[in-house]
Amino acid sequence: MKTESPKHRGLWTTRLGFILAASGSAVGLGNIWKFPYIAGQNGGGAFVLVYLVCIFVVGLPIMLSEFVVGRNTQQSPVGAFQTLSPKTPWVGIGFIGVLAGFLILSFYGVVGGWTLAYIVKSISGSVDHFGSPKEAGDFFGQFIGHTWEIVFFHALFMVLCVLIVIKGVHGGIERACDVLMPTLVVILLVLMIRSLTLDGAMEGVRFYLYPDFSKLNPQVILIALGQAFFSLSLGMGCMITYGSYLSEKENLASSTIYVVIFDTLIALLMGMVIFPAVFAMNLEPTEGPSLVFIVLPAVFSQMPFGTLVSIIFFTLLAIAALTSGISLLEVVVAYFIDQRGWTRKQAVLIACTVIFLFGVPSGLSFGALGDFKIFGMTFFDNVDNITSNYLLPIGGMLTAIFVGWIWGPKAAKQEIEQNGVRFGWVGPWSFLVKYVTPVAVGFVFLAKFFK
Ligand code: TRP
């Protein structure tokens with residue numbers, strides 16, 4: 001028996017509620033933790049430019065496609081493709097999505113755990129009075145090598161996800177996002193000002209904004225593309241699922257634009273917080289996953305009310321991570337509820353436990369399992385690489401092909417224009433979805449494999 005028939009799905013209560021929830025999914029560790037470190041590893045300005053192109057040329061049209069498919073079918077990804085194209089392999093996109101959600105949340109929860117730990121460490125006053133950035137680095141290095149602490153906070157993060165997702169969509173997910181988003185912007189602005197006024201900050205601004213195109217190669221472009229998908233929560237049916245909880249009154253096109261712009265602004269802002277500080281403090285922009293956790297405590301150590309700012313920042317970051325984590329979990333859970341007839345509670349508890357267990361080796365990748373490498377990468381890096389750089393772009397490309405060629409822009413336009421909403425961009429949008437997006441993603445893959 002189905003426990004949540006389409007008509008009984010929780011619907012978002014307000015338009016702003018939906019935009020905030022979708023932004024809540026999009027804005028997370030991807031913007032604040034991942035974007036700065038991979039921009040740093042991949043050359044700065046030129047990477048940022050390619051990233052922006054990917055966001056607007058590939059990401060934006062796909063996000064609209066996902067919303068449309070979700071709202072039209074009122075189903076999670078597997079069911080959605082089954083409904084629109086029964087008995088065809090297109091349903092595979094849905095399964096790729098469920099798999100990707102599972103894999104991403106497994107390492108996402110680990111980093112979510114780091115943020116929770118840093119709230120506690122801020123409160124106890126241990127991360128805001130480092131004498132030098134090196135001390136901040138050593139402190140973090142020790143922390144992520146500490147097996148039980150890592151597993152404990154990882155588990156805690158997953159438990160918080162469970163508590164919210166068990167309550168269902170608008171009870172938990174929507175309300176959590178309402179206050180958080182505006183507050184996050186304010187704190188990032190404060191940090192940016194502090195960072196920009198450090199001695200030597202301008203060199204960081206230059207690294208971040210001045211594109212040195214000699215740093216580009218197919219691998220860098222693939223990473224920028226993968227990051228665009230990751231940051232916008234695309235390519236795995238997450239936005240299909242969120243769209244499926246949406247009523248017919250909403251203007252999907254303008255909601256898409258809000259979410260994309262908001263997500264991009266947060267990432268860009270975060271770069272302006274991190275890179276000036278990196279250069280002012282003589283740190284390396286190529287530091288990797290630990291970058292933000294080293295640079296920010298070093299900045300907090302050099303500002304008035306550092307402890308307080310640190311507590312607020314890591315709390316907001318943890319909440320931003322949670323509102324993204326729950327959207328990943330929701331995709332996996334919605335599959336078991338909608339397709340397998342499980343109850344929500346069963347689905348959440350079982351999915352989350354298995355995802356947590358699979359995430360443990362990622363959590364230990366910086367300590368006990370640091371030397372355990374597959375393809376020359378740690379477990380953590382492998383799961384991240386497979387999902388961000390392969391599963392998401394493939395899922396997104398197939399979604400675009402599906403909407404552009406199989407379901408068709410006409411049907412999509414009809415869905416968008418319900419209730420008298422006018423969508424004047426059908427032409428450019430269907431051109432992007434039919435030609436530009438699939439060709440761009442395909443080209444990046446080819447370039448990478450045949451370079
Ligand atoms: N976009 C989120 C972030 O930037 C992470 C995320 C949530 C995600 N849902 C997703 C990534 C779906 C890919 C696909 O932190």
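A polar contact is a pair of N or O atoms within 3.5 Å; within protein, one atom must be able to donate a hydrogen and the other to accept it, and residues adjacent in sequence count only if both atoms are side-chain atoms. Keep that in mind for S388. The side chain of S388 makes such a contact with the side chain of D384, at 2.8 Å.

Now the ground rules. This is a predicted model, where local features need pLDDT of at least 70, side-chain atom pairs count only at pLDDT 80 or more, and totals for chains, interfaces and linings use all residues. Residues are numbered from 1 along each chain as its sequence is written, and side-chain values use heavy atoms, with hydrogens and water left out.

Let me stay with S388. S388 sits in helix α16. Helices here are DSSP runs of H or I, at least four residues long, and they are numbered from the N terminus. Is S388 buried or exposed? S388 counts as buried, because its relative accessibility is 2%. The cut-offs are these: buried is under 20% relative accessible area, exposed is over 50%, and partly exposed is in between, with a 1.4 Å probe and protein chains only. The side chain of S388 also has a polar contact with the side chain of K34, at 2.9 Å.

T387 belongs to helix α16 too, which covers residues 379-407. T387 is buried, because its relative accessible area is 0%. Which backbone atom lies 3.0 Å from a polar atom of the T387 side chain? The backbone oxygen of D384 does.

On to the ligand. There are 17 residues around the ligand, and A26, G30, Y108, F230 and S233 come nearest. Near means that a heavy atom of the residue lies within 4 Å of the molecule. By class, this shell has nine nonpolar, eight polar and no charged residues. For that count, Ala, Val, Leu, Ile, Met, Phe, Trp, Tyr, Cys and Pro are nonpolar; Asp, Glu, Lys and Arg are charged; the others, Gly among them, are polar.

Where does the ligand sit? In the largest cavity. A cavity is a set of points, on a 1 Å grid over the protein atoms alone, where a 1.4 Å probe fits but cannot get out. A molecule sits in one if more than half of its atoms lie within 2 Å of its grid points. Several elements give two or more residues to the shell: α1 (15-26), α2 (29-41), α5 (91-123), α10 (218-232) and α14 (306-340).

Next, the polar atoms around the ligand. A polar backbone atom of A26 is 2.8 Å from a ligand oxygen. For G30, a backbone N or O atom lies 2.7 Å from an oxygen of the ligand. S327 uses its side chain: an N or O atom there is 3.2 Å from a nitrogen of the ligand. On its own, the ligand has 360 Å² of accessible area, and the protein covers 100% of that. Areas come from the Shrake-Rupley method with a 1.4 Å probe; for residues, only the protein chains shown count as cover.

Now the backbone angles. Most residues other than glycine have a negative phi. F305 is not a glycine, yet its phi is positive, about 55°. F305 is in the loop between α13 (291-300) and α14. F305 counts as exposed, because its relative accessible area is 65%. F375 also has a positive phi, about 50°, and is not a glycine. F375 is in the loop between α15 (344-363) and α16. F375 is exposed, because its relative accessibility is 72%.

Back towards α10. N217 is in the loop between α9 (201-209) and α10. N217 is partly exposed, because its relative accessibility is 34%. What does the N217 side chain reach at 2.9 Å? The backbone nitrogen of V220. N217 and G235 are 18 residues apart along the chain, and their C-alpha atoms are separated by 23 Å. L222 is in helix α10. L222 is buried, because its relative accessible area is 1%.

V295 is buried, because its relative accessible area is 1%. V295 and V278 are 17 residues apart in sequence, and 6.5 Å apart from C-alpha to C-alpha.

Notes. 1 Å grid on protein atoms, 1.4 Å probe; cavity = no way out; pocket = protein on both sides within 12 Å on 5 of 7 lines; lining within 4 Å.
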